[in-house]
Amino acid sequence: MAEYKIERLGGFAGFGLPGSHLASRGRIAAAQLEQQVQDALEALFAKHAKARRPATRGPARDMFSYRITRTTDSGEQSIEVPEADVPGALINCIKDELI
Amino acid sequence: MICHCRIIPPNVLERLSQDKRLTEAERKHFFNMAAYEAHWRKLRTVALLSSSHAAALGSMSATVAAAAAPAITVYNCANGTNLPGAPVPNPGSSTDVTAKRTFVETTGVADFYRQIFKRNSVDNLGMTLQSSIHYGVKYNNAFWNGQQMTYGDGDGNIFVDFTLGNDVIAHELTHGVTQFTARLGYSNQAGGLNESMSDVFGSMFRQWSAKQNVKQADWLIGSDIMGPGAKAHGYTCLRDMAKPGAAHCLAPQPTHFSEFKPNMDPHESSGIPNLAFYKAAVAIGGYSWEKAGQVWYQALVAYRPSPSMKMRTFANRTRRQAKLLFRADPSVFKAIDAAWIAVGL
Ligand SMILES: [Zn+2]
């Protein structure tokens, strides 16, 4: 069964950096997401799989990016995307924590 | 020089900004005009300006723009994520303490840049300083989106309201200054320099507000936004400019250029130039913004944009500026030179 893992990265505080004591992670089964959200994620993976490098961030500074990993029968695939591209339903399943 | 820049096409302004036959001051003027033009068009397009601001901008010459103090505006996202949110009327006397604090501290940062560095807002042309507060739900972040500042309330455990850190506010606003000056990128060495500029001027503003000299200052970044959960674990800050690798930092950083790796996140690699500034300022003594700060500011603003700047290039600019600005006091150059050498640059 397909599952999505999501990790929040960067920001002013530096989430998820090597040595950082801040982490923010979550996971959710694809079946728990509305079809519309699943379609949006499908499109997001297709768009970023084609890109040779992560999308440039323009002039934005200290904004979060997110690593989304999709696990299916055929293996794992990860993309890194800016906050604006991530469906809210996926962001809602993560929790900021001290590690 | 008076330049009614809105009748000169942007490509001509760009060319004039690089014309070696003009003086440095004239080239810089045209560079600023080109940046201003692009910025004004963008603001007009996304309708960020109220009609009164737009009317005022439309009629002002560059000279007038340079003289006008920036307007400070605050918007309330009310826990949503649509920017800018609803305008807060008279934020300076708002009953929302976050709105009032954001207005007061942003005004303070504008005053700091004006008084200490003779800079009029982030673009040096009096650009409106717009902030959005209460962004998202328990949002543990603050950011600059290229046009404005945005602050989350924090989750109340790891972080509290991000506007409680006046270094955070100055950090975000300084991203705007960097955007309009050196235009440092956000990856590799330029990214680390970009983040460091924001920490350096953020810390300097916090020291200036508290009238602290380099010995009285704690050199911590984000210490005022640490929540009870973070404090209970012994974390007193996000970053420590004096001890970037210390255990009390939520996000420890490297302390020497030999530890730099390409593609390091800018919030990590900024520890190297942060430590150089700390060492230079402490060796010089007094108030950080009087000498070390002046040198760092000129190294940031007095050159053509360098989106891919290397840390060594920036270090050498500060060496050059130290000699130019403090010709009669060679101890400033010596302190800055020794500080960069200590971090491997
Ligand atoms: Zn930053």
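Which residue in E3(B) is the bridge partner of B:Val74? In E3(B), that partner is B:Ser131. The model is predicted, and local features need pLDDT of at least 70, side-chain atom pairs count only at pLDDT 80 or more, and totals for chains, interfaces and linings use all residues. Residues are numbered from 1 along each chain as its sequence is written, chains are lettered from A and ligands numbered from 1 in the order in which they are written, and side-chain values use heavy atoms, with hydrogens and water left out.

In chain B, five strands form an open sheet of mixed pairing, in the order E2-E1-E3-E5-E4. Helices (H or I, at least four residues) and strands (E, at least two) are DSSP runs numbered from the N terminus, and two strands pair if DSSP finds at least two bridges between them. E2 and E4 of chain B are the edge strands, each with a single partner strand, so one side of each is left without a neighbour in the sheet. Strand E1 (residues 72–76) of chain B has four of its five residues buried, so it is largely enclosed by the rest of the structure. Buried means under 20% relative accessible area, exposed over 50%, and partly exposed in between (1.4 Å probe, protein chains only). E1(B) runs parallel to strand E3 (residues 129–135) of chain B, with five bridges between them. With strand E2 (residues 86–87) of chain B, E1(B) pairs in the antiparallel sense over two bridges, and B:Tyr75 has B:Pro87 in E2(B) as its bridge partner. E4(B) and E5(B) are antiparallel and joined by three bridges; B:Phe143 is there paired with B:Thr150 of E5(B).

Two helices of chain B lie across this sheet. Helix H5 (residues 97–117) lies across E1, E3 and E5 of chain B and runs at about 150 degrees to E3(B). Helix H6 (residues 166–180) lies across E3, E4 and E5 of chain B, at about 15 degrees to E4(B). Axes are lines fitted to C-alpha atoms, for helices over the stretch in contact, and angles run from 0 to 180 degrees between N-to-C directions. Contact means heavy atoms within 4.5 Å.

The loop between strand E4 (142–144) and strand E5 (149–152) of chain B contains B:Gln148. B:Gln148 has 2% relative accessibility and therefore counts as buried. Its side chain makes a polar contact with the side chain of B:Thr150 (3.4 Å). A polar contact is a pair of N or O atoms within 3.5 Å; within protein, one must be able to donate a hydrogen and the other to accept it, and residues adjacent in sequence count only if both atoms are side-chain atoms. Not counting residues up to four places away in sequence, B:Gln148 touches B:Leu83, B:Pro84, B:Gln130, B:Ser131, B:Ser132 and B:Phe143.

Backbone geometry was also examined. Most residues other than glycine have a negative phi, and most peptide bonds are trans. B:Leu83 and B:Pro84 are joined by a cis peptide bond with omega about 5 degrees, and B:Pro84 is in the loop between E1 and E2 of chain B. B:Asn124, in the loop between H5 and E3 of chain B, has a positive phi near 65 degrees. At 24% relative accessibility, B:Asn124 counts as partly exposed. B:Trp219 also has a positive phi, near 60 degrees, and lies in the loop between helix H7 (188–209) and strand E6 (220–221) of chain B. B:Trp219 counts as buried at 3% relative accessibility. Leaving aside neighbours within four places in sequence, B:Tyr278 is in contact with B:Trp219, B:Met241 and B:Ala242; B:Tyr278 lies in helix H10 (residues 271–284) of chain B.

In chain A, five strands form an open antiparallel sheet in the order E4-E3-E1-E2-E5. E4 and strand E5 (95–98) of chain A stand at the edges, each with a single partner strand, so one side of each is left without a neighbour in the sheet. Eight bridges join the antiparallel strands E3(A) and E4(A), and A:Arg70 stands opposite A:Gln77 in E4(A). H1(A) lies across E1, E3 and E4 of chain A, at about 85 degrees to E4(A). In H1(A), the buried residues include A:Val37, A:Leu41, A:Leu44, A:Phe45 and A:His48. The face of H1(A) turned away from its buried side carries the exposed residues A:Gln35, A:Gln36 and A:Lys50.
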